Amino acid sequence: MLDLLSDILTTLSMRGTLYFRTSFTRPWGVAVPNYENVARFHFAHRGSCLVAVEGVEEPVQLAQGDLIIIPHGAAHDLVSDPASERTVLPLDRVLEQSGYDGSGVLVYGGEEPQSETQLICGHFSFEPHAKHILVERLPPYVHLQNYGETAGKWMEATLRMIGDEAGRRRMGGDLIALKMSEVILAQAIRGFIESNEATAWGLAGFSDPNLRRGLDAFHQAVEQSWTVESLARAAGMSRTSFAVLFQQKMAMTPMEYVTGWRIEIAKQVLLSPAMSITDAAERAGYASDSAFARVFKKETGLTPARFRKLGQTEDAVS
């Protein structure tokens, strides 16, 4: 059985992609466009820069060893320093001017080689139809300072190896870097939900030991007939205490969470050509197709059949 966080990210079809490793020298500035269904990340392997996220008042100082994750794919500028803001160019122009062909290192910037900034940049994509509060409620950015050290020696070694492997043209290097990068988002989310900041974003329940027992039990057997009482038993709490604590830490009721996740499970089943609407209802824990259809339409605005048809049309186009 997958643990709670692993189950959520696996169901959301999280996939890592490295899109470049940089060698930037002052002055430089890159405007990264917004993108849907992705979480962007930048790791300062060497040197530093500023990250100005759209909608956020102050830029983030990304020091050597820091990691920033931009969970909702918002547009953002990467600049060498405040004085270099006038040098910011759209990412596609930077790629064109540098002659970067998608492999190796993106070399760009001015004439100050001693000021080199090496970034490892990538994104994590999600299934377009998928959603979950664990990702949706994350703040505009998550800044993890001295990430390699605070995450543990294994993460420090992982990031160092990603930096060494990415773009070096050694056999298998890109694949090694890519696969290792997929642990970054999971570890970063874990670090965030275990921090004090998680409470303000309605995510503290995932790190509460009692609530997590109830959530783990539900995720491992979604098809069972779950109630607040049965979730509370799994958590080792009384019904009232569980419900109150859940609302406080998750900003929703237990059954709202149950319904939301069941719909996500159903979506995955409906998008599989080999599965039927009845299969989706059963996997999501509904006793009848009609009961499932009512809840599905209430939550998504579409009937299961319509959702399935739209999903198949999108797959055919792509």
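User: In this predicted model, which residue of S7 is the bridge partner of valine 51?

Analyst: The model is a predicted one. Strand S4 (residues 49-53) and strand S7 (residues 76-79) pair in the antiparallel sense, over four bridges. One of the residue pairs joins valine 53 to histidine 76 of S7. For valine 51, the bridge partner in S7 is leucine 78.

User: On the other pairing, which residue of S5 is the bridge partner of leucine 50?

Analyst: S4 and S5 run antiparallel and are joined by three bridges. The two strands form a hairpin with six residues between them, and glycine 55 in the turn has a positive phi of about 90°. The bridge partner of leucine 50 in S5 is glutamine 61.

User: What is the strand order of the open sheet of five strands?

Analyst: The strands S5 (60-62) and S8 (88-90) stand at the edges. The pairing within the sheet is mixed, and the order is S5-S4-S7-S2-S8.

User: Why is one side of S5 and of S8 left without a neighbour in the sheet? And by what angle are neighbouring strands turned against each other on average?

Analyst: In the order S5-S4-S7-S2-S8, S5 and S8 are the edge strands; each has a single partner strand, so one side of each has no neighbour in the sheet. With direction ignored, neighbouring strands of this sheet are turned against each other on average by 25°.

User: How many of the five residues of S4 are buried?

Analyst: Buried here stands for under 20% relative accessible area. S4 is largely enclosed by the rest of the structure, because the buried residues among its five number four.

User: At about what angle to S8 does helix H2 run?

Analyst: Helix H2 (residues 91-98) lies across two strands, S2 (29-32) and S8. Relative to S8, the helix runs at about 95°.

User: Which peptide bond is cis, and what is its omega?

Analyst: Most peptide bonds are trans. The cis bond leads from arginine 26 to proline 27. Proline 27 lies in the loop between strand S1 (15-26) and S2. The omega of this bond is near -5°.

User: What is the relative accessible area of asparagine 37, and what is its phi?

Analyst: Asparagine 37 is placed in the loop between S2 and strand S3 (38-46). The residue is partly exposed, with a relative accessible area of 34%. Its phi is positive in a residue other than glycine, with a value near 60°.

User: Why do the buried residues of H9 line one face of the helix?

Analyst: The buried residues of H9 are Phe242, Leu245, Phe246 and Met250. Seen down the helix axis, these residues line one face because they fall within an arc of 105°.

User: Which residues are exposed on the other side of H9, and which helices do its buried residues pack against?

Analyst: The buried residues of H9 pack against helix H3 (133-136), helix H7 (209-220), helix H8 (228-235) and H10. On the other side of H9, the exposed residues are Thr240 and Gln248.

Key. Residues numbered from 1 in each chain as written. Predicted model: local features only at pLDDT ≥ 70, side-chain atom pairs only at ≥ 80, totals over all residues. Heavy atoms only, no water. Pairing = 2+ DSSP bridges. Axes fitted to C-alpha atoms, helices over the stretch in contact; angles between N-to-C directions. Contact = heavy atoms within 4.5 Å. Buried < 20%, exposed > 50% of the residue type's maximum accessible area, 1.4 Å probe, protein only. Arc of directions from axis to C-beta.
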